[in-house]
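The structure is shown below.

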Amino acid sequence: MPQTKKQILWIDDEIDLLRSHILFLKERGYNITPVPNAEDGISLIREKKFDLILLDEMLHGMDGLTALGEIKEINPSLPVIMITKSEGESLMEEAIGSKIDDYLTKPVNPSQILLTCKKLLDSNKIESEKISRDYTQEFNSITSKLYGPLDANEWIDIYLKLIDWELELDSHPGLGLRQTLLDQKGDCNAEFAKFIENNYPNWLESNNRPHLSMDLISEHVVPLLDDGKKVVLIILDNLRVDQWMSFEPILYPYFQINKSYYFSILPTATPYSRNAIFSGLTPLEMNEQHPDLWDNGEANETSLNRFEHKFLELQLKRKGVRENQTTKYIKILDSKEAKSLYKNIVSLANTPLLAVVFNFIDFLAHSR
């Protein structure tokens, strides 16, 4: 079924001089309706559906900026490209403030008009076609790697690529590639499970391994403290990498972000993996070295995670961090506690190490 041509209304009091431009756009698949004044153009907008307006700024009768205001009252979402002879900054600011979608200065050539129209009318189609091509290539690349020998860093790279594509395809649901991606993720999960089964026991016995939970403090926190820097350690418990990547852009204006990745210990359950982070030890080592902190009866969140601050202090002491480096530990279970932290953040600014744990699952449960 052929696609419906995009409808463009071109309002210009010198429209007869633009016949070559109009013919050029028609040859590229657009339907052009030319009118010589704003009044006629606005009447047409009330009667017919247009996909884009090309609007001259210096019109006889109603001027372009006034016409722009009326067009936006009729249809606020209708894209408008303003074309003018003036390069005055104040005029540009006024037009932008009136919510034009693009701005061209005369004389314009047909290619400029075409490029701007494509950007506003066909960008989603062009982007979708490119995404389909790129994902097909990536799918084949991942599949070819999947059944060969892969090291830890290569698995991280595959996982990050899958997440990138999952987020990309979420924003283009019409491509029909979602199930293909889910099937490939299933294949990757099966092969990754075999990789962990084959390598995890050796990781526990060797220093030549990817970073595990118990390595994080010594690798990323202790060096900063040794340099005399103040550190805020934030742990978002149960937050997936794809969830992080969804809101990471919000932080770009405020922080320089450097990323590294690690593998959780097994079992990955919170009482084990999070205590391993704070203690720098495996659960077996915690039980052997600190039975008073680890073996406290019923194994649940309340009992096994009560001593994270103590585990953290013991690890820092073991790593030789200066004893006058005071630490503060805060656990956030709901938005009320988060607001309390926000209100008191200034008083915590001089703390050498502030550790904050956000129980992400609790946040989701409390916001139902």
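## Strands β7 and β8

β7 and strand β8 (residues 353-359) run parallel and are joined by 6 bridges. The model is a predicted one.

## The sheet and its helices

The open sheet has 3 strands in the order β6-β8-β7, with parallel pairing. β6 (231-237) and β7 (327-332) are at the edges and have a single partner strand each, so one side of each lacks a neighbour in the sheet. On average, neighbouring strands are turned by 15 degrees against each other, direction ignored.

Helix α15 (residues 308-318) packs on this sheet and touches β7 and β8. The direction of α15 makes about 150 degrees with that of β7. Helix α16 (residues 335-343) lies across β7 and β8 and runs at about 150 degrees to β7.

## Nonpolar cores

The largest nonpolar core contains 48 residues. Those with the most contacts inside it are Trp203, Ile217, Leu233, Phe278, Leu316 and Leu353. Helix α7 (residues 152-170) gives the most to this core, with 8 residues. Another core, of 20 residues, lies apart from it and includes Ala38, Leu59, Ile71 and Ile100.

## Helix α1

In helix α1 (residues 19-27), the buried residues are His21, Ile22, Phe24 and Leu25. Seen down the axis of α1, they fall within an arc of 160 degrees, so they line one face of the helix. Their cover includes β1 (6-11), β2 (30-35), β3 (52-56) and α5 (110-121).

Arg19 and Glu27, on the other side of α1, are exposed. Just after α1, Gly29 has a positive phi of about 100 degrees.

Note on methods. Residues numbered from 1 in each chain as written. Predicted model: local features only at pLDDT ≥ 70, side-chain atom pairs only at ≥ 80, totals over all residues. Heavy atoms only, no water. Buried < 20%, exposed > 50% of the residue type's maximum accessible area, 1.4 Å probe, protein only. Helix = DSSP H or I, 4+ residues; strand = E, 2+ residues; numbered from the N terminus. Arc of directions from axis to C-beta. Contact = heavy atoms within 4.5 Å. Core = buried A, V, L, I, M, F, W, Y, C linked by side-chain atoms within 4.5 Å. Pairing = 2+ DSSP bridges. Axes fitted to C-alpha atoms, helices over the stretch in contact; angles between N-to-C directions.
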